[in-house]
Amino acid sequence: MGTLYLVRHGQASFGADDYDHLSDLGHKQSIRLGEYFAQKGIHFDGLIAGTLRRHKQTMAGILQGMKREGEHLSWEGLNEYDSDAVIATIHPHKLEKPTSPEMYRHHFRLLRDGLAQWMAGVVSPKGMPSYNDFVHGVSSALDHVRANHYGKNVLVVTSGGPIATAVGYVLGTGADATIELNLRMRNSSITEFAFTPKRHMLVSFNAIPHLEHPDYAKWVTYS
């Protein structure tokens, strides 16, 4: 049996012109996670990441914290959906940058509704695959892990959407549950699967053991 560690990227730059890079805190979260893996004596036989900048930066931070080097396999199917494109399908006017709690809540209400319609095949966000193709991108990564890393530890760095999709795919959850999993995910969190050549089994979801000490209480983020 092998173990797959699915890690959501560190805090990115929500509300900035370019979301796809880690904040200073996101870098610290990633390095701290690598330190945790090293302290636990966890060694990875396989490294896989999406192709987005925040995925690559998080992988680099984890390896820095582990004091090791390694080349990872890039997997485009592990890239996040485009939240702006999803929201635009139900809210055609460009949203202002959120600057208040109510604006943040409004953003995520629209995202939840847009995701539900995309997953149901009602809307087709510009520049994005169908939801079925999105799921295939994630499930193909799971298939690759099972086929090539039996009995090994594998680290995958990706985003909240693909991780929630992976959990939903393995557990057979409906769209509503998958969306809720997605929107509750914390930065640099670990979702763990055990796997055999035939299937994956969920062990834990959205865990942040590397941030449980009081010194890191302010490092827990969601965006």
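**Reading a predicted model against its definitions**

Tutor: Asn187 lies in the loop that runs between helix α7 (residues 175-183) and strand β5 (residues 190-195), where helices (H or I, at least four residues) and strands (E, at least two) are DSSP runs numbered from the N terminus. The model is a predicted one, in which local features need pLDDT of at least 70 and side-chain atom pairs count only at pLDDT 80 or more, while totals for chains, interfaces and linings use all residues. Residues are numbered from 1 along each chain as its sequence is written, and side-chain values use heavy atoms, with hydrogens and water left out.

Student: Why is Asn187 called buried?

Tutor: Its relative accessible area is 1%, and buried means under 20% (exposed is over 50%, partly exposed in between, with a 1.4 Å probe and protein chains only), so Asn187 is buried. Leaving aside neighbours within four places in sequence, Asn187 has contacts (heavy atoms within 4.5 Å) that include Arg8, His9, Gln29, Ile208 and Tyr222.

Student: What makes His9 buried or exposed?

Tutor: His9, in the loop between β1 and α1 (residues 24-39), has a relative accessibility of 1% and therefore counts as buried. Apart from residues up to four places away in sequence, His9 touches Tyr19, Arg54, His55, Thr58, Thr158, Ser159, Asn187 and Ser188.

Student: How do you know that strand β4 is largely enclosed by the rest of the structure?

Tutor: Of the 6 residues of β4 (residues 153-158), 5 are buried, which is why the strand is described as largely enclosed.

Student: What makes β1 and β4 a pair of strands?

Tutor: Pairing requires that DSSP find at least two bridges between two strands, and β1 (residues 2-8) and β4 are joined in the parallel sense over 6 bridges. Among the partners across these strands, Leu4 has Val154 in β4 as its bridge partner, and Arg8 stands opposite Thr158 in β4. Strand β2 (residues 46-49) also runs parallel to β4, with 4 bridges joining the two, and here Leu47 stands opposite Leu155.

Student: Why are β3 and β6 said to stand at the edges?

Tutor: The open sheet of 6 strands has the order β3-β2-β4-β1-β5-β6, with mixed pairing. Strands β3 (residues 73-74) and β6 (residues 200-207) each have a single partner strand, so one side of each is left without a neighbour in the sheet.

Student: What makes the phi of Lys67 worth noting?

Tutor: Most residues other than glycine have a negative phi. Lys67, in the loop between α2 (residues 53-66) and β3, has a positive phi near 60 degrees, and its 76% relative accessibility makes it exposed. Asn206, in strand β6, has a positive phi near 65 degrees, but with a relative accessible area of 8% Asn206 is buried.
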